[in-house]
Amino acid sequence: MMMKGRVYIVILVALALQSAAIAQQVPITSQYLTNGLVINPAYADTREALSINLSYRKQWANITGAPQFQTLSLHSPINEKEKVSLGLMAEYLTYGVTKDVGIYAYYAYSVRLGRGKLSMGLKGGLDLSNTNYNRLQFPDGNPADPLLAGDMKYTLPNMGVGFYYYTDRYFAGLSVPSLLTYKRDATDEFSVTPDYKMFMSCLTAGTLLQFADIIKVKPSVLVRYSIHKPLEVDLNANLIIADLLWVGGSYRMAEKAVVALVDLQITPQLKLGYSYDYQLGHLNNYTSGTHEVSLRYEFQYEVTATSPRYF
């Protein structure tokens, strides 16, 4: 089973890298409701505090070369009077023999609109990628294709844009996390080439329903759309008990996976989250599931258990 998993990932990565045009990865994450900065630059304005988030995702456990995704992010308003928020994020994604690093700065500006706030965000930074073909492992030794040797790397700029509207009871967001794509020439050199057909657009929406003093339900949806990929839809629901324990689940249609989520608001500032993805499709024969953990801390004591922020 391990050999099958290894070959599966090798073939997947090799085929993906044959394309002349490469869209920067927008990794799937089950904790995006805790760390919305991963999919929407406008989220930098929403927490109204200096917010720091750590996350780690181990996808398709037991499959050699399966993706692993780590993030460290922080964002904060400049001060209480300003409408501007700033943020930073570092991403580290590995899959197969490829290592991708993203380092981005964020800018968000918010305005009052109706009963809520509209945040408009931009991000800019660098994508660094290194694929080392020499690390590929085949059952019969060296690869037969001479193209699968040496390494392929680039360091190129990228940017993203997003909008996020939220009130005390609902939210909606629209973003394109990566506006630039990369084109590889015959000498394996990469250059930036904008191509709207390669955009991955993310639409999120959700609401908060209260059924008792200590019981709330937060349903939400995430839609990821790109012309060159199948439509991806996540349907989510969280049961919130006494604003301390969040228990929920998701169904990811394109991947055919169900997700169990548990979040614990340890203190008014500290939140710990865990999610487990269970594959319903053919990958279930090779993997024991996907694990993801997140940790968020907010440096502002107005974030209290009696007045929490849900979006």
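How do the residues of the lining of the largest cavity divide into nonpolar, polar and charged? The structure examined here is a predicted model, in which local features need pLDDT of at least 70, side-chain atom pairs count only at pLDDT 80 or more, and totals for chains, interfaces and linings use all residues. Residues are numbered from 1 along each chain as its sequence is written, and side-chain values use heavy atoms, with hydrogens and water left out.

Five cavities of 30 Å³ or more were found in the structure. A cavity is a set of points, on a 1 Å grid over the protein atoms alone, where a 1.4 Å probe fits but cannot get out, and its lining residues have an atom within 4 Å of a point. Grid points are joined across faces, edges and corners, and the volume is the space filled by probe spheres set on the points. The largest cavity has a volume of about 120 Å³. Its lining consists of 17 residues, and Leu 33, Thr 34, Lys 218, Asp 263 and Lys 271 lie nearest the centre. Seven residues of this lining are nonpolar, four are polar and six are charged (nonpolar: Ala, Val, Leu, Ile, Met, Phe, Trp, Tyr, Cys and Pro; charged: Asp, Glu, Lys and Arg; polar: the others, Gly among them).

The second largest cavity holds about 110 Å³ of space. Among the residues that line this cavity are Leu 33, Tyr 43, Tyr 164, Phe 171 and Lys 218. By class, this lining has seven nonpolar, three polar and one charged residues.

Eight aromatic pairs are present in the structure (rings of Phe, Tyr and Trp, the last by its six-membered ring, with centres within 6.5 Å; stacked for planes under 30 degrees apart, edge-to-face for over 60, tilted for the rest). Tyr 164 and Phe 171 form a stacked pair, 5.8 Å centre to centre with 15 degrees between the planes. Both Tyr 164 and Phe 171 are buried (under 20% relative accessible area with a 1.4 Å probe, protein chains only). Ring pairs also link Tyr 164 and Phe 171 with Tyr 43 and Tyr 166 in a cluster.

The pair of Trp 246 and Tyr 310 is tilted, because the ring centres are 6.2 Å apart and the planes stand at 40 degrees. Trp 246 lies in strand E15 (residues 245-252) and Tyr 310 in the segment after strand E18 (290-298), so the pair ties together parts that are 64 residues apart in sequence. Strands are DSSP runs of E of at least two residues, numbered from the N terminus. Trp 246 and Tyr 310 are buried.

The charged end of Lys 271 sits over the ring of Trp 246, 3.6 Å from the ring centre (NZ of Lys or CZ of Arg within 6 Å of the ring centre and within 35 degrees of the ring normal). Lys 123 lies over the face of Tyr 104, at 4.0 Å from the ring centre.

Conventions:
1 Å grid on protein atoms, 1.4 Å probe; cavity = no way out; pocket = protein on both sides within 12 Å on 5 of 7 lines; lining within 4 Å. Buried < 20%, exposed > 50% of the residue type's maximum accessible area, 1.4 Å probe, protein only. Helix = DSSP H or I, 4+ residues; strand = E, 2+ residues; numbered from the N terminus.
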